[in-house]
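I opened this notebook to record what I looked up, entry by entry.

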Amino acid sequence: MSTLPASILAHAQSLPEGGVLSPKEFLHLGSRAAVDQALSRLTKGGKLLRAARGTYVMPVSGRFGTRAPAPEKVVEALASQSGEVVTPHGANAANALGLTQQVPIREVYLTSGRTRKLKLGRSEVTVRHAPRWMLALGAGPAGAAVRALAWMGPAHVARSLAALHRTLPTAEWQTLISARATLPSWMAKAIGEEAVRA
């Protein structure tokens, strides 16, 4: 193996599971065409997976053969590389917070960046752009509550908030109340009504 593919592979092997590679990281080793060709060869040889245009990941080897890295690890690595906020979708948040028994079938994440699809082995992960208010409280319980409420919708907001009021830690509930100004009117009103009920 020539030095360029070997260098790319060595770097890929040094990353944790889900670590992403971009052609731009290797431009100091050769021209863009040479880097693209090396990545293409490594992908065809099964040494790398092309998750999206310009995004590569290393397959994970185990005793049962190789598999794609865990989607959440790839999404985390993309977020840290790009500086985007990336969180689980509202359906996942609603399930995690006990607001619904439905388990989402498709892997969807919300991002402050652009919408894109990632191909990881047989599964496809959607990273969808979300409005700022949906990501403002971050990945903690209060932020998850906002995304869960958005997914549940206005018809279920009162019942959902009553459940969240009982289950969220006090500090997270206070964070949710204090964020009302940034939220859609229907959600802010419902949070205010539930807060008064305390």
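**Entry 1: Arg114.** I looked up Arg114 and found that it counts as exposed, with a relative accessibility of 57%. The cut-off for that class is over 50%. The model I am reading is a predicted one. I then placed Arg114 in the loop that runs between strand 7 (107-111) and strand 8 (116-120). Next I asked which residues Arg114 touches, not counting residues up to four places away in sequence. Val127 and His129 are the ones I noted. I also took one distance: Arg114 and Ala130 lie 8.8 Å apart in space, C-alpha to C-alpha, and 16 residues apart in sequence.

**Entry 2: Ser123.** I went on to Ser123, which has its place in strand 9 (residues 123-129). Is Ser123 buried, exposed or partly exposed? I wrote down partly exposed, because its relative accessibility is 32% and that class lies between 20% and 50%. From Ser123 to Lys47 I noted 18 Å in space, C-alpha to C-alpha, and 76 residues in sequence.

Entry 3: I found Ala38 in helix 2 (residues 32-44). Ala38 is buried, and its relative accessible area is 3%. Leaving aside neighbours within four places in sequence, I listed Leu4, Pro5 and Ile8 as contacts of Ala38. The axes of helix 1 (residues 3-14) and helix 2 are 9 Å apart, and the two pack at an angle of about 65°. On the helix 1 side I noted Leu4, Pro5, Ile8 and Leu9, and on the helix 2 side Ala34, Val35, Ala38, Leu39 and Leu42. By class, this contact of helix 1 with helix 2 has nine nonpolar residues, no polar and no charged ones. I took one more distance from Ala38: Pro141 is 103 residues away in sequence and 43 Å away in space, C-alpha to C-alpha.

**Entry 4: helix 6 on its own.** I turned to helix 6, which covers residues 141-152 and has 12 residues. From its first C-alpha to its last it reaches 16 Å, close to the 16 Å expected at 1.5 Å a residue. How many of the 12 residues of helix 6 are buried? I noted nine, so helix 6 is largely enclosed by the rest of the structure. The buried ones are Ala142, Gly143, Ala144, Ala145, Val146, Arg147, Ala148, Leu149 and Met152. After helix 6 comes Gly153, and its phi is positive, near 90°.

**Entry 5: helix 6 with helix 7.** I checked how helix 6 sits against helix 7 (residues 157-167). Their axes are 9 Å apart and the packing angle is about 155°. Angles over 145 degrees count as roughly antiparallel, and helix 6 and helix 7 are therefore put in that class. The crossing of this pair is right-handed. Where they meet, helix 6 brings Ala145, Leu149 and Met152, and helix 7 brings Val157, Arg159, Ser160, Leu161 and Leu164. I sorted the residues of this contact by class and got six nonpolar, one polar and one charged.

I then followed Ser160, which lies in helix 7. Ser160 counts as buried, at 1% relative accessibility. Apart from neighbours within four places in sequence, Ser160 is in contact with Leu99, Leu149 and Met152. Leu149 and Met152 were on my list of buried residues in helix 6.

**Entry 6: helix 6 with helix 8.** The last pair I looked up was helix 6 and helix 8 (residues 170-178). Their axes come within 8 Å and cross at roughly 55°. Helix 6 and helix 8 are therefore oblique to each other. Here too I noted a right-handed crossing. The contact is made by Pro141, Ala142, Ala145 and Val146 from helix 6, and by Glu172, Thr175 and Leu176 from helix 8. By class I put down five nonpolar residues, one polar and one charged. Ala145 of helix 6 is in this contact, and Ala145 is also among the residues that meet helix 7.

Notes. Residues are numbered from 1 along each chain as its sequence is written. This is a predicted model: local features need pLDDT of at least 70, side-chain atom pairs count only at pLDDT 80 or more; totals for chains, interfaces and linings use all residues. Side-chain values use heavy atoms; hydrogens and water are left out. Helices (H or I, at least four residues) and strands (E, at least two) are DSSP runs, numbered from the N terminus. The expected span of a helix is 1.5 Å times one less than its number of residues. Buried means under 20% relative accessible area, exposed over 50%, partly exposed in between (1.4 Å probe, protein chains only). Axes are lines fitted to C-alpha atoms, for helices over the stretch in contact, and angles run from 0 to 180 degrees between N-to-C directions. Angles under 35 degrees count as roughly parallel, over 145 as roughly antiparallel, 65 to 115 as roughly perpendicular and the rest as oblique. A crossing is left-handed if the near helix is turned anticlockwise from the far one by less than a right angle, and right-handed if clockwise. Contact means heavy atoms within 4.5 Å. Ala, Val, Leu, Ile, Met, Phe, Trp, Tyr, Cys and Pro count as nonpolar, Asp, Glu, Lys and Arg as charged, and the others, Gly among them, as polar.
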